[in-house]
Amino acid sequence: MSFPNHRPRRLRATPAMRRLTAETRLAPADLILPAFIREGLTEPSPISSMPGVVQHTTESLKRAAAEAVELGVGGIMLFGVPAVRDAQGTASLDPEGVLNKAIRDVKAEVGDDLVIMGDVCLDEFTDHGHCGVLDADGYVDNDATLEIYGRMAVAQADAGAHMLGPSGMMDGQIAVIRQALEESGHKNTAILAYAAKYASAFYGPFREAVDSQLKGDRRTYQMDAANRREAVLEVELDLEEGADMVMVKPAMSYLDILADVAAMSPVPVSAYQISGEYAMIEAAAANGWIDRRGAITESVLGIKRAGADTVLTYWASELAGWLKES
Ligand code: PBG
């Protein structure tokens, strides 16, 4: 060819041409909104490290859920912050406890119009802040924790959750939860397994969001950032145990993992754009260093392009609003 080949650029020439030829599209239904509710609040309480995100009251949570429905958001993942914590995380099992009650309240508000998910993990409920109970040496006791997860799952299903999100990275958690759900008659309650969840510095702001008491880290149960093959093993195990959907978390520093999982998973794949990812973009935008809307849209598009079918993001409702107007 004697002329320069402009085939790549021809399809970029106008907004309509770019829209027609986009390989990846975002839709509100792909988005899942993580939301926090704190027991005993009379007003929503801002989370300073996550500007724009709050710890909800019952009323403000119900409004946020109704707004998510209006905007076409696909789901909501609920995290509860209890007033009282203990070593066993007992408040997680109380049908009137903050998270179980929130699930019931949101269900009463939006019914089946939004997929209502509950976090099945003990870190919000324990006074030491670990995702499970501790043995005499202070090591997180996998099997003793499983027994509590099974009961927590039933409590959340009883409250009306459509889907459960076990995020504690205990081995065998999916099997135990599936069995507990079957035995309690919740055969249609689905499980979104936090299958490949890495120990990450980017969880920092979440600790503020749930008033976490954790000292130390979660490296004995969450994955090591150096490992890639291991993510496939984690997903395979969760699939064998009955996971209905699998998740990679965090998202932006783990797009290779997400692509690997998307290539092998026969079930829908989620990615969680976590608190620190949110905080970084908000902080840079607040300084005028990046364009906020552009950066948010690009970050979620990149996660989807890497292979996520659904994305948990604190921007779910705002982004859904932008997608509806465009
Ligand atoms: C554990 C849990 C965590 C997050 C979601 N579920 C914290 C952790 O594992 O340390 C973090 C989410 C985020 O950072 O946005 N219940």
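How many salt bridges does the structure hold? The structure holds 15 salt bridges, a salt bridge being a side-chain nitrogen of Lys or Arg within 4 Å of a carboxyl oxygen of Asp or Glu. The model is predicted: local features need pLDDT of at least 70, side-chain atom pairs count only at pLDDT 80 or more, and totals for chains, interfaces and linings use all residues. Residues are numbered from 1 along each chain as its sequence is written, and side-chain values use heavy atoms, with hydrogens and water left out.

**View 1. The salt bridge between K304 and D30.** The closest N and O atoms of K304 and D30 are 2.8 Å apart. This pair links distant parts of the chain, 274 residues apart. K304 lies in helix α11 (residues 292–306), while D30 lies in the loop between α2 (15–21) and β1 (31–38). Helices (H or I, at least four residues) and strands (E, at least two) are DSSP runs, numbered from the N terminus. K304 counts as buried because its relative accessibility is 18%; buried means under 20% relative accessible area, exposed over 50%, and partly exposed in between (1.4 Å probe, protein chains only). D30 also counts as buried, at 14% relative accessibility.

**View 2. The salt bridge between R178 and D244.** In this pair the closest N and O atoms are 3.8 Å apart. R178 belongs to helix α6 (residues 173–183), and D244 to the loop between α8 (229–241) and β8 (245–249). The two residues are 66 residues apart, and their pair links distant parts of the chain. R178 is buried at 14% relative accessibility, whereas D244 is partly exposed with a relative accessible area of 33%. A network of salt bridges links R178, E182 and D244.

**View 3. The salt bridge between D217 and R219.** Here the closest N and O atoms are 3.9 Å apart. D217 has 43% relative accessibility and so counts as partly exposed. R219, at 53% relative accessibility, counts as exposed.

**View 4. The cysteines C121 and C131, neither in a disulfide.** A disulfide is a covalent bond between the sulfur atoms of two cysteines. With a disulfide taken as a pair of cysteine sulfur atoms within 2.5 Å, the count comes to 0 disulfides. C121 is in no disulfide, its nearest cysteine sulfur being that of C131, 3.4 Å away. C121 is buried, with a relative accessible area of 0%. For C131, likewise in no disulfide, the nearest cysteine sulfur is that of C121. C131 counts as buried at 1% relative accessibility.
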